[in-house]
Amino acid sequence: MKPIDIFVIVIYLALMAGVGFYFMRRNKDADAYFKAGGRLPWWVVSLSIYATMFSSITFISVPAMSFSGDMTYYVISFGIPLLAPIVVRWYLPFFRKLNLTSAYEYLEVRFNLPCRLFASGAFILFMIARTAIVAYLPALAISAVTGIDINVAIVAVTLVTILYCTIGGVEAVIWSDFIQSIILIGSTVLIIAWAIGGTDGGFSGFVAQGMDAHKFRVFDFAFDWTKPCFWVVFVSGVVANLASYTSDQCVVQRYMTTPDEKGAAKSILFNGALSFFNCFVFFVMGVALWTFYRAHAGALPTGTKADAVLPIFIARELPTGISGLVLAAIAAATMSTLSANLNSAASAITTDFYQRLRAKSGGGQSLLFCGKVSTVIVGLFGGAMALWLANAEIGNVYDQFQRFLGILTGGLGCLFFMGIFMKKVNGFGATCGLVANYIVCFGLDQISFPGKPHVLLFGFLGMIACLVVSPIASLLKGNRN
């Protein structure tokens, strides 16, 4: 790393903080802070959803998977284009009609207050866990190539994100996401072109070597639920994306920031197409890095972990200045997701707990203050957990993320599914189903036994339990909410 690279990163972080200060003047009340007054263009919202969903976990861990293995996990993204039209047709009208600040307000309208509070609480816990992983992963990689202490890197990125997110609200979050998504897309193209250009034989050599080593393999049709074969990954992807696009406050909150439903629908459909294609590009990046280092065998330090390959390539192989910009893109991937996590978790705390339980008659300034305080608290908890991860022994980061995703959010997606498509399920049944979901998920996570399903299936099996128990419990109780 040259001084100019570090200068570029520092300037980038300062600009993101400046975005927060710019939009601070528009936050007159909680509606502006959490929904931007519904005035954002659909294309900005769409790229914001994209930047939120494709975090540093994607930027670093996805290329690492195809670098060390193949593209089997790409099947997870197959659920995105399948679900996007369904979300637009059946889910979006509900959210827009109710004009929700928190997605979980719908669960009280459809079921009961316990369902709303339970779901919101699970989401907040997931946001803290995701904040920790998203902050930890790039700090680990950047520390390996710059020599910066990993704890310092975590604290710096987390504090800057807390700053612009707290003072700027969701409008600052979405516009910064838009800027960051452009940097991410440009950096991705540059990295792949540079890696393929340094491969023996150029593009044709890249394709030939990748094919010979089966790096482009996507489909593994083995029927084995203990490993990530096609069926396991596909089912996991459908469940994860269903939860993300229908019950994740990070995403649902953005549906409320466009002037009308048509604009929100465009943002969902465009994001679905972009995310599906871009996920493939990140797997291709991993293969390109693999073919590059085959041609430069001594350039990669012995014992380098797969998650550190991309940052090492950026720092050592890209031109001075450009490497700093691309490392800033990793920070962008981190901050775009962190900011979305903080703002959405704060909106859930403020709307589902503070406003609903304590301050129904409170003014907008009271809600605005609660939102800002909640943003800081969630950020600090997530940062503290990231510091714990940095100093503890953990396994594969991507699998850890999918583990949290399946355990904490699969049941939430199931609640919204039942609310819209299973009219005979009542509040009592939904609550029983949610409890059954978490019993199954936490049981699978904590208990070891022969033939145990792969971690990717935990959320799916929990959802099945919820879908079975809920209608039975509703029938026993009687069709009353």
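Start by selecting helix α13. Asp-307, Ala-308, Val-309, Leu-310, Pro-311, Ile-312, Phe-313, Ile-314 and Ala-315 are buried there. Buried means under 20% relative accessible area, exposed means over 50%, and partly exposed lies in between (1.4 Å probe, protein chains only). Helices (H or I, at least four residues) and strands (E, at least two) are DSSP runs, numbered from the N terminus.

Before moving on, a word about the model. It is predicted: local features need pLDDT of at least 70, side-chain atom pairs count only at pLDDT 80 or more, and totals for chains, interfaces and linings use all residues. Residues are numbered from 1 along each chain as its sequence is written, and side-chain values use heavy atoms, with hydrogens and water left out.

**Stop 1: helix α13**

Stay on residues 306-317. This helix has 12 residues. From first C-alpha to last, α13 reaches 17 Å, close to the 16 Å expected. The expected span is 1.5 Å times one less than the number of residues. α13 is mostly covered, with 9 of its 12 residues buried.

**Stop 2: the whole chain**

Zoom out. The chain has 18 helices and 0 strands. Of its 481 residues, 59% are buried. Now think about contacts, meaning heavy atoms within 4.5 Å. Among contacts with a separation of 6 or more, 85% are between residues 24 or more positions apart. The accessible area is about 18,300 Å², and 69% of it belongs to carbon and sulfur atoms. Such areas come from the Shrake-Rupley method with a 1.4 Å probe; for residues, only the protein chains shown count as cover.

**Stop 3: the nonpolar cores**

Select Tyr-255 and Leu-415. In the largest nonpolar core, of 58 residues, these two touch the most other members. A nonpolar core is a set of buried Ala, Val, Leu, Ile, Met, Phe, Trp, Tyr and Cys residues joined through side-chain atoms within 4.5 Å. Which residues does Leu-415 touch, not counting those up to four places away in sequence? They are Leu-107, Phe-111, Cys-115, Ala-119, Ala-430 and Leu-434.

Go to Leu-47, in helix α3 (residues 42-53). Leu-47 counts as buried because its relative accessibility is 10%. Leu-47 and Phe-178 are 131 residues apart in sequence, yet 5.5 Å apart in space, C-alpha to C-alpha. Leaving out residues up to four places away in sequence, Leu-47 touches Asp-177, Phe-178, Ser-181, Ile-182, Phe-270 and Leu-274.

**Stop 4: a salt-bridge network**

A salt bridge is a side-chain nitrogen of Lys or Arg within 4 Å of a carboxyl oxygen of Asp or Glu. How many does a search of the whole structure find? The search finds 5.

Show the side chains of Glu-108 and Arg-116. They meet in a salt bridge (2.6 Å, N to O). Glu-108 also forms a salt bridge with Arg-356, with the closest N and O atoms 2.7 Å apart. This pair links distant parts of the chain: Glu-108 is in helix α6 (residues 105-110), Arg-356 is in helix α14 (residues 322-358), and they are 248 residues apart.

Asp-352 forms a salt bridge with Arg-116, the closest N and O atoms being 2.8 Å apart. This pair too links distant parts: Asp-352 is in helix α14, Arg-116 is in helix α7 (residues 113-146), and 236 residues separate them. Through shared partners, salt bridges join Glu-108, Arg-116, Asp-352 and Arg-356 into one network.

Is Asp-352 buried or exposed? Asp-352 has 0% relative accessibility, so it counts as buried. Arg-116, at 5%, is buried. Glu-108, at 22%, is partly exposed. Arg-356, at 22%, is partly exposed.

**Stop 5**

Select Gln-209, in helix α9 (residues 202-212). Gln-209 counts as buried because its relative accessibility is 16%. Beyond neighbours within four places in sequence, Gln-209 contacts Thr-199, Asp-200, Trp-290, Thr-291 and Arg-294.

Move to His-214, in the loop between α9 and α10. His-214 is exposed, at 58% relative accessibility. Its phi is positive, about 60 degrees, although His-214 is not a glycine. Most residues other than glycine have a negative phi.

Finish at Phe-219, in the loop between α9 and α10 (230-247). Phe-219 is partly exposed, at 43% relative accessibility.
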